[in-house]
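Subject: A structure for you to look at

Hi there,

Here is the structure I promised to pass on to you. Have a look around it first, and then read on for what I found.

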Amino acid sequence: MENNFDVKEFNSIVQNRRSVYPNQFQKDKQIPDEIIHEILENANRAPTHKLTQPWRFTVFAGEGRELFANLQTDIYTKYAGEKFNEKKLKNLREYPLLSSHVIVVGMKRSDSVSIPEIEEVIATACAIENIFLSLTPYSLGGYLSTGGITYMEEAKSHFDLGPDDKLIGTFFIGYPEDLSNPLTKRTPTDEKVKWVTG
Ligand SMILES: Cc1cc2nc3c(=O)[nH]c(=O)nc-3n(C[C@H](O)[C@H](O)[C@H](O)COP(=O)(O)O)c2cc1C
């Protein structure tokens, strides 16, 4: 296969990956659905042990965002219990409408082959990273939230997930207003890598 890929450009896309939050999105600027379809094609190329392809996406767009805002505030209000927090509720109501598209990510356990659950979570996380890396070339921004209803058992059934499946998080996507704030810091790569050369 001929390789026309631009390595410098690819490294730049990966090394500039960053979370962009809904309050940093341009108001009311909608992403064409075709772009979201393409980004989800990228997600669907994630590696997957035994090809179980456990990632599941529920996309909320247009008026669907309002439905999602209502759904997650209802679930949160009903089941948050002692953890209930007014500020969180406000974000759960506002973030979907500040976004162009909201993608709820689930992990569906395969019952046809036996692989450890963690491998299905890893595969879904790889799909999420593919979404993340796809945003920059389209001048989009987004972030993954694991707050709100993510770990509430009662939320799963609303996303076609059963008791053995997991809600992994919610990805909010929009056009960034301005990306002048700095990237978050990382400690040096060398501190996390050990080379064995002989
Ligand atoms: C698994 C996972 C869950 C996250 N959940 C949240 C969240 O619930 N709320 C939030 O504000 N950010 C969340 N984030 C975003 C991180 O806070 C963010 O990645 C981190 O601050 C580093 O910033 P960067 O992505 O711009 O490098 C999550 C990130 C990951 C990988």
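With that, the shell around the ligand sorts into 2 nonpolar, 6 polar and 1 charged residues. Please keep in mind that this is a predicted model.

Which residues surround the ligand? They are R18, S19, Y143, L144, S145, T146, G147, G169 and T184. Strand 3 (residues 141-145) gives the largest share of this shell, with 3 residues.

Now for the whole chain. It contains 5 helices and 4 strands, and along the sequence they come in the pattern α-α-β-α-α-β-α-β-β. The radius of gyration is 18 Å, close to the 16 Å that the globule rule gives for 198 residues, so the chain is as compact as a globular protein of that length. Along the principal axes, the C-alpha atoms fill a box of roughly 55 × 45 × 35 Å.

Next, the helix pairs. Two packed helices are described by the angle between their axes and the distance between the axes.

Take helix 3 (residues 64-79) and helix 4 (residues 86-98) to begin with. Their axes are 8 Å apart, and the helices pack at an angle of about 165°. Angles over 145 degrees count as roughly antiparallel, and helix 3 and helix 4 are therefore roughly antiparallel to each other. The crossing of helix 3 past helix 4 is right-handed. On the helix 3 side, the contact is made by R65, E66, F68, A69, Q72, T73, Y76 and T77, which meet L89, L92, R93, P96 and L97 in helix 4. By class, the residues of this contact are 7 nonpolar, 3 polar and 3 charged.

The other pair is helix 2 (residues 33-43) with helix 5 (residues 117-135). Here the axes come within 8 Å and cross at roughly 140°. Helix 2 and helix 5 are therefore oblique to each other. Helix 2, too, passes helix 5 in a right-handed crossing. Where do the two touch? I39, N42 and A43 in helix 2 meet A127, N130, I131 and S134 in helix 5. This contact has 4 nonpolar and 3 polar residues, with no charged ones.

Best wishes

Terms used: Residues numbered from 1 in each chain as written. Predicted model: local features only at pLDDT ≥ 70, side-chain atom pairs only at ≥ 80, totals over all residues. Near = placed C-beta within 6 Å. Nonpolar A, V, L, I, M, F, W, Y, C, P; charged D, E, K, R; others polar. Axes fitted to C-alpha atoms, helices over the stretch in contact; angles between N-to-C directions. Parallel < 35°, antiparallel > 145°, perpendicular 65-115°, else oblique. Left-handed = near helix turned anticlockwise from the far one by under 90°. Contact = placed C-beta atoms within 7 Å. Rg over C-alpha atoms; globule rule 2.2 N^0.38 Å.
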